[in-house]
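This report describes selected local features of one protein model together with its ligand. The sequence and the structure are shown first.

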Amino acid sequence: MSRGKYYLTTPIYYPSDKLHIGHTYTTVAADALARFKRAAGYDVMFLTGTDEHGQKIEKVAQEKGLKPKEYLDGMIEDIKKLWATMEISYDQFIRTTDEDHEKRVQAIAQKMYDKGDIYKGHYEGWYCTPCESFWTEAQLSDGCCPDCGRPVEKTQEEAYFFKLSKYQDRLRDLLSNGEFLLPESRAKEMISNFIDPGLDDLCITRTSFDWGIKAPFDEKHIIYVWLDALSNYITALGYPDSPEKYEKFWPADVHLVGKEIVRFHTIIWPAMLMSLEQPLPKMVFGHGWLLFDGGKMSKSKGNVVDPVVLIERYGVDALKYFLLREYSFGHDGNFNNEVLLNRLNSDLANDLGNLVSRTVAMVLKYNGGVLELPKVKTEFDDSLSELAVSTGAAVEERMDRLDFGNALESIWKVVRRTNKYIDETMPWVLAKDEDQKDKLNSVLYNLSESIRIISVMIKPFMPHTAAKIWDQLGIVEGESTTWESAATFGIIKEGTKVKKAPPLFPRIDVSKELDALSAATAQEDEEEASEPYKPEITLDDFEKLDLRVAEIVKAEKHPKADKLLVLQLKLGQETRQIVSGIAKDFKCEDLIGKKIVIIANLKPVKLRGVESNGMLLAADDAQGIGLVTVDVADGSLVR
Ligand code: MSP
């Protein structure tokens, strides 16, 4: 019988880059929760998807010489492949470029507009002409465009605004109720950082780019990506035109999100729903980040961890277990290969793997592989069975708080208790005495039964491992593997036959494996580093470039920007100045005398007030920037 509905969501991912292990973290957690709720008897709807509009996507596609949709289709295929590899059990995958979603977002915006919650105003920002991008003051880097380092101009554009300020008081109440946003510390942060200083109305349209959904009340305007993206949680259910699924599943039981997007989900999103007069999600959980050596993982830092490499080496169950067990979901945690390998060895190979293989080996050795119902009791039986049957409820209570780490820890308490039961009962001693045969068989049964309960409880986290254990214990999936069956001791039937199998988790030689792992990662990086080629050009296109050899005669720091150097160059008889963003990688004195290649006919620009007459050629990889140098006379043409 169903215990009711349960609707959970992950954020929808930006397909602007390959997803790394940090992204998979939210989804792995959501998957375990979805599987757990299904097992516990809920009618689950698990939604994930991709956030495909906006300037960034438009730009990435353009750089690759593709139309946005062409680029996106390839990326989405990869993301779906990754979720298939990770065995993510989502029920629906929404793309914000789905026609239904686009139409529904327009209906949502129109409703908010009709209500009088959207009005026309002016958006003020900094504009980078070459990149066609708007930036806020805070986004600028040294006062320049954070993307290209060029100067920006203060600009205004006509835009529509959502009356976020109108919902300020209701949002404060919501955030203070102790249930809506977890962990609670994040709710306090939202109130003191955003509600207390007073909410500004939110700019919700742009006219500076095209890749997005048109505002229905003014087609010159594109709807702001966050309004588009947040709506996915209800458009996926058919809101507003196809209410059946919506009425069944909305409001969401939980939105799982990373901490940096909590603000959007707990201020903008509920305010949108208030404007639409719809119920609010029951809970938003803002989880911490997986850090790498203390910093955020990012492709530009070259520290991204590819989950596929780890799955290939250790299996999907091991990776999922590690992510959920090692880190406390609400807090940041440092990812590190050594911590991963040690955890796999201690919890999976030693504690769980050994328990199963020792038990199966003893049943085979001492009773021909056959389990018999207990005929006698040992003094250790009650404490074992009591702990085993009571743990399911503890797991359930922890899962409801999204406390994955402690849910797993409570299961591992049973694993360790069962291992201890072997030491306490010493089956190898009982086996030496024919009179102890019944006691020995009872012990073997209790061990197997305890493992059965463990396997039922780990199934939402590690479905393959659970299935492998059932196979070894001779159990068929069914009555003896339901979630409820974990609350009863003594379900395995008389005469059940166990089966020997390879170890569930082979022990890892940590130091050897660390080397192998870095070699595998380096190879991946190399394969990945190859950028796709740009679209074809003709010789005439190339001839337009005036490439020259120039000798650097002077180099100094830019007076206003840390990233820039001002270089004086000699090109034959001529001298000229260029400004270049290489300050991080080169010392001024090391550059003198280098013969570099520059584009000599590039239109001059001022970079933070200093004129630049050309651009040098360079290439970069994870180690840094390398200049293109040649050993011929300065002033020579490069062709
Ligand atoms: N598209 C928006 C979400 C819109 S939801 C209506 C977005 N996408 S994202 O791809 O940048 O991030 C998606 C999720 O991945 C976020 O929850 C984010 O916190 C998570 N992670 C990305 N890197 C992460 C880590 N290193 N660690 C943990 N999670 C992180 O934001």
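In which strand is Lys554 found? Lys554 belongs to strand β17, which spans residues 547-557.

## Basis of the description

The model is predicted: local features need pLDDT of at least 70, side-chain atom pairs count only at pLDDT 80 or more, and totals for chains, interfaces and linings use all residues. Residues are numbered from 1 along each chain as its sequence is written, and side-chain values use heavy atoms, with hydrogens and water left out.

Helices (H or I, at least four residues) and strands (E, at least two) are DSSP runs, numbered from the N terminus.

The domain assignment, which is automatic or from a database, gives domain 1 (336-487) and domain 2 (539-627). Their C-alpha centres are separated by 67 Å.

Lys554 counts as partly exposed because its relative accessibility is 43%; buried means under 20% relative accessible area, exposed over 50%, and partly exposed in between, with a 1.4 Å probe and protein chains only. Leaving aside neighbours within four places in sequence, Lys554 is in contact (heavy atoms within 4.5 Å) with Val566, Leu567, Gln568 and Ile592. Ile592 is 38 residues from Lys554 along the chain, yet the two C-alpha atoms are 6.1 Å apart.

## A buried aspartate

Asp634 lies in the loop between β25 (624-627) and β26 (637-638). With a relative accessible area of 13%, Asp634 is buried. Its side chain makes a polar contact of 3.2 Å with that of Lys570; such a contact is a pair of N or O atoms within 3.5 Å, where within protein one must be able to donate a hydrogen and the other to accept it, and residues adjacent in sequence count only if both atoms are side-chain atoms. Not counting residues up to four places away in sequence, Asp634 touches Val549, Ala550, Glu551, Lys570, Leu571, Gly572 and Lys595.

## Nonpolar cores

A nonpolar core is a set of buried Ala, Val, Leu, Ile, Met, Phe, Trp, Tyr and Cys residues joined through side-chain atoms within 4.5 Å. The largest has 102 residues, of which Leu8, Phe404, Trp412 and Phe461 touch the most other members. Helix α13 (residues 337-367) gives the most to this core, with 12 residues. Apart from it lies another core, of 58 residues, among them Tyr7, Ala109, Met190 and Ile268.

Ile267 is placed in helix α10 (residues 262-276) and counts as buried, at 2% relative accessibility. Beyond residues up to four places away in sequence, Ile267 touches Leu164, Leu171, Leu175, Met190, Phe194, Ile195 and Leu199.

## The ligand site

The ligand is surrounded by 24 residues (a heavy atom within 4 Å), and the closest are Ile12, Asp51, Gly258, Glu260 and Leu290. A ligand nitrogen lies 2.8 Å from a polar backbone atom of Ile12, and a ligand nitrogen is 2.7 Å from an N or O atom in the side chain of Asp51. An oxygen atom of the ligand is 2.9 Å from a polar backbone atom of Gly258. Of the 660 Å² of accessible area that the ligand has on its own, the protein covers 95%, as computed by the Shrake-Rupley method with a 1.4 Å probe.

Two or more residues of the shell come from each of β1 (5-13), α1 (21-39), α7 (225-230), α8 (232-235) and β12 (254-258). Helix α1 gives the most, with 4 residues.
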